[in-house]
Structure formats: structure tokens, C-alpha cells
Amino acid sequence: MKLLICNQEFVSFKAPQVNVFTWSFTQDADLIIKNQTLVDQHTLLTCSYQQEDFNIKIPFTDKASIENAITCLATLLALKVSIPVISARLEKLHQVKMRLELKSGINQTSIIDDSYNSDISSLEIALDFLNQQNQHPVKTLILSDIQQSGLKSEMLYSKVAKLLKAKKIDKLIAIGSQLSNFKTFFNANSQFFLDTDTFLKQYNLDDFNNEAILLKGARQFKFEKISKILTQKVHETILEINLNALEQNLNYYKSKLQPGVKLMAMVKAFAYGSGSYEIANLLQYNKVDYLAVAYADEGIALRQAGITLPIMVMSPEVSSFDAIVKYNLEPEIFSFTALSSLHQYLKTLHRTQYPIHLKLDTGMHRLGFEEKDLSAIKSFLLNNETVKVKTVFSHLAASEAPQHDDYTKSQIQKFDAFCQNLETEIGYSFIKHICNTSAIRRWPQAQFNMVRLGIGLYGIDNLSKDDTSLYQVATLKTTVSQVKKLKKAILLVMVE
């Protein structure tokens, strides 16, 4: 049996002597995906096949993996596999390598390795991911011929050319005879090579500089050769960050938020050592509301990498006020000394209504204003227009510990009372946030207007060490230098 599985939206013909099985989100097809619902770290698909509705749960939340899983589902249905068997097997799927892997490249480049396969649908997804990478001025696509698209070549590469134009790709390096046949479809800043080996022999790799490079190739073109050469070689010990897992963890916590609650993501210490702008790009693309960094230099690096989200600086030094204002960063203010210093600096610039974030000490006893400071804070804000309170926040000392719930409740009550009093006195509202990672789940009633998500992004939550809802994001890998086998040694000790 010759069987063609395809998305109905891209079908324009039916080949002779081929059984065509189609699926679609929006059109009539053999398999219709009626709805997608995020459930923890999975996606629940509501499907219709042969006038029967059923649900399938898959362990992915990103668009590319969902579409791949649907194609697997369609294939199994076409092969007459029963729905219970399909359901059990699809739920055990795993992410594959070479699917939107982001790597550091030579000459200050970023490499996106998506050379697992190449088709028009996944190309669009990969181009969207490429456009997330705002730290580089140039976006480059290295593309191979697209195999088995179901379209005539002229129509296919016309679609590809229009897609690249719509996605504003700066440079195209095309590899394959089919692309070369239709080079007139593409802009003048495109280069064409018949195969991968020819490209590697003829192209000057030093021409790649400070750009984001997407590798999108069919398996027969062996783009892993290109990836290996372009990827920066520094150490045999590497910290590998799985951005797909991080995105799934983010979506899990988003699913726990009350309606209308905003999310601030902590990327301090250069995203806990995992790469600040790569993580921030992903968070910005997924529409988090705020980022938080420890020091101004971290915020500056994000701005220079193209991050436009509001950024809170948690430890603003007086010497950094100039840079904070220049790069549109927002300082956390936790003492009258800091508040007065910022006020004096802003007066010299004739700036008014500069956004600040007031930190309250409700029981953590680290940094922050206390209850007794409320009157002085109100007086300052009412008599000075240099600053405006953007948010007021505090930190829970033991939100994950049931034995300390009474203490956590008292912190929440103190925080709520302080905020209500302050809002009444100063005459305007501000965002309130006290929930950290663990509190997002344990204390939904304390989510207020926003929550702060930190280590939970990386799959760690103090609520449970065996939590299967979260995915591991970081993996440390190294090379074993040598293995030795030693004979047993006998140690003789003389005791006097």
C-alpha cells in the first residue's frame, strides 16, 4: 500500500495509486483536530475521526512537536491501529535531537540546529524561532531542498521564497539542485550550492559574523556536518540547556495562574548561568510580562541583545543609576537611602514619574521596608514626583513548607494590608506580587496581580523532589579522560 499522510491545508492534488490520508485544524479532513488544551506539561488533543470524537494526550507543548505528533497519530489511524493503543504509545514519546537546538557558534554567531527534517510547515515554525533571536543584527537561513512536500517544485519554491520575504530573512544559503533551479525566485543576497560538501569546500566560514544562523535541511543532506563546523568549540565539558523543556515548564506554571495574573521571570545571575539572552529571548517570545535581574549590567546585556520587556533590577547600586535610566531599566527600592539617592539623581535630569519597585519586609528579614516605614513612604511619594510606584512586592520565607503555613498567612496578610493602605493614600494603583515559585501552586489566593517564577523554570520546585510535572532543563556533560583498574590494596596500621 502506498500511503501519503499530509496536512489538508497543504494538499493541492491527489497522486494516482496513492492512498491519501489528511488531517487539519480548520478544514474537513480524515482526521480533524478540534481543540488543543494545555494540561500540566502535556497537550490534550480533542480529535474527530470517522464521526467519532476522542482525546489524545501528548507530552509536548511546542507547535512543532504537536504537529509531528498529530502526523504520527494520522499515520497510525491510517494503518488501522486502535485508538487505545495509539493513546498509550503517543503519551510515551520523547523530544528528538536536532530540533530547534540553540548553540553558540563561531565568530559571535548563534546556531539553531533544526536539521532533523525539512518541510514547508516546519520551516515556518523554525523561522519564527529564528526571529526570536534578537541579539544579532543579521538572520541567516541555510536551507536544503525540501523533500516530499506534495507540491510541484515551482509552486513549492515560490511558497518558500514568499515565506522568507515575509519572515524578513537577511541571507539565504541554499543547498541542493532543486533550489538552484529556482534561484530567480529569491533575492540577490542568496547563494546556491549543489550539495553540502560543495558548500563546505567553497564557502568562507569567516564570512559568518554576529548573526543568527538557522540550519534547516533534509536528512540526506547531512547538515550535521555544517553544524559541527559552525558550532563553537571551547571545552569538552558543557552545560546543555534544553529550551523546549524550559518552555514547557513555563507553560506549566502559566496554567496555574488565576485569570489576569501577570508573570515576572527571574533571569538574575545571567539566568542562573544558563545563558541570559537565549533564555530572555524565549521568555519574551512567550509573552511573559516582566524580567528580573540582580544587577544593572545584566539588564544592559539584555537590552543590547534586543530584549524590550520591562526589566526590574533587584540590587541597583547608586553608581549604576545613570546606566539604569539610559537603558530603561526599573530599580527595586528597599531602603530610604536608595530612594533618596535615586530621587536626587532624577532631579538632576528633570525626570518625573520614573518607575520603581518597592520591596517590603513582611518576615523574610533580608531587604525591604517595614510596616513602621509606611507613613514616611506615603509622605515621600505624595511630595515628590520624580518616581512612581510600578509594583510593590515581598518575599515569602517558607511558602513550600506546610509546617510554616501560619507564618506564611501572616506574611500575606501584612503585605495585603500595607498595599491597600498605600494605594488609598497615594491615589493610584500598582502591581502587587509576593508569590515565588512554590507559592504559585500552594498559595493561589496570594497571586495578587503578578507572580515571580524563578528556579521552577528549570524544573526545580521545593514542593516535591519527585515532581513529574516539570522537566529537567540543564544537563552537565563531560568526557572521561581515562579509566584505570587498580588491584585491591591492603592497608596495615600498627597500633601501639
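**Close-up views of a predicted chain**

Of the 496 residues in the chain, 50% count as buried (buried means under 20% relative accessible area, exposed over 50%, and partly exposed in between, with a 1.4 Å probe and protein chains only). This is a predicted model, in which local features need pLDDT of at least 70 and side-chain atom pairs count only at pLDDT 80 or more, while totals for chains, interfaces and linings use all residues. Residues are numbered from 1 along each chain as its sequence is written, and side-chain values use heavy atoms, with hydrogens and water left out.

View 1. Helices (H or I, at least four residues) and strands (E, at least two) are DSSP runs, numbered from the N terminus. The C-alpha trace spans about 80 × 80 × 50 Å along its principal axes. Among contacts with a separation of 6 or more, 62% join residues 24 or more positions apart; contact means heavy atoms within 4.5 Å.

**View 2. Helix α1 (residues 63–78) packs on helix α2 (residues 83–90).** The angle is about 150 degrees and the axes are 10 Å apart, which makes α1 roughly antiparallel to α2. Axes are lines fitted to C-alpha atoms, for helices over the stretch in contact, and angles run from 0 to 180 degrees between N-to-C directions. Angles under 35 degrees count as roughly parallel, over 145 as roughly antiparallel, 65 to 115 as roughly perpendicular and the rest as oblique. The crossing of α1 past α2 is right-handed (a crossing is right-handed if the near helix is turned clockwise from the far one by less than a right angle, and left-handed if anticlockwise). From α1, the contact draws on Ala69, Cys72, Leu73, Leu76 and Leu77, and from α2 on Ile83, Ile86 and Leu90. By class, the contact of α1 with α2 holds eight nonpolar, no polar and no charged residues. Here Ala, Val, Leu, Ile, Met, Phe, Trp, Tyr, Cys and Pro count as nonpolar, Asp, Glu, Lys and Arg as charged, and the others, Gly among them, as polar.

**View 3. Helix α3 (residues 120–130) lies against helix α4 (residues 153–166).** The two pack at an angle of about 10 degrees with their axes 11 Å apart, so α3 is roughly parallel to α4. Ile120, Leu123, Glu124 and Leu127 in α3 meet Lys159, Val160, Leu163 and Leu164 in α4. Six nonpolar, no polar and two charged residues make up the contact of α3 with α4.

**View 4. Leu130 lies in helix α3.** Leu130 counts as buried, at 0% relative accessibility. Apart from neighbours within four places in sequence, Leu130 is in contact with Ile112, Lys139, Thr140, Ile169, Ala212, Ile213 and Leu214. Ser48 is 82 residues away from Leu130 along the chain, and the C-alpha atoms of the two are separated by 33 Å.

**View 5. Helix α14 (residues 374–383) has the buried residues Leu374, Ile377, Lys378, Phe380 and Leu381.** They cover an arc of only 165 degrees around the axis and therefore lie on the same side of α14; the arc is that of the directions from the helix axis to the C-beta atoms. An α-helix has 3.6 residues a turn, so residues three or four places apart point the same way. Exposed Ser375 and Asn383 sit on the face of α14 turned away from its buried side. The buried residues of α14 pack against α13 (336–349), β17 (354–359), β18 (387–393) and α15 (405–426).

**View 6. Helices α14 and α15 pack at an angle of about 30 degrees.** Their axes are 10 Å apart, and the angle makes α14 roughly parallel to α15. α14 passes α15 in a right-handed crossing. Leu374, Ile377, Lys378, Leu381 and Leu382 of α14 make the contact with Phe418, Asn421, Leu422, Glu425 and Ile426 of α15. The contact of α14 with α15 comprises seven nonpolar, one polar and two charged residues. Lys409 is also found in α15 and is partly exposed, at 43% relative accessibility.

**View 7. Gln108 and Lys287 are shown in their loops.** Gln108, in the loop between β6 (101–105) and β7 (109–113), has a positive phi of about 60 degrees although it is not a glycine. Gln108 is exposed, with a relative accessible area of 57%. Lys287, in the loop between α10 (276–285) and β14 (290–293), has a positive phi near 65 degrees and is likewise a residue other than glycine. The relative accessible area of Lys287 is 66%, which counts as exposed.
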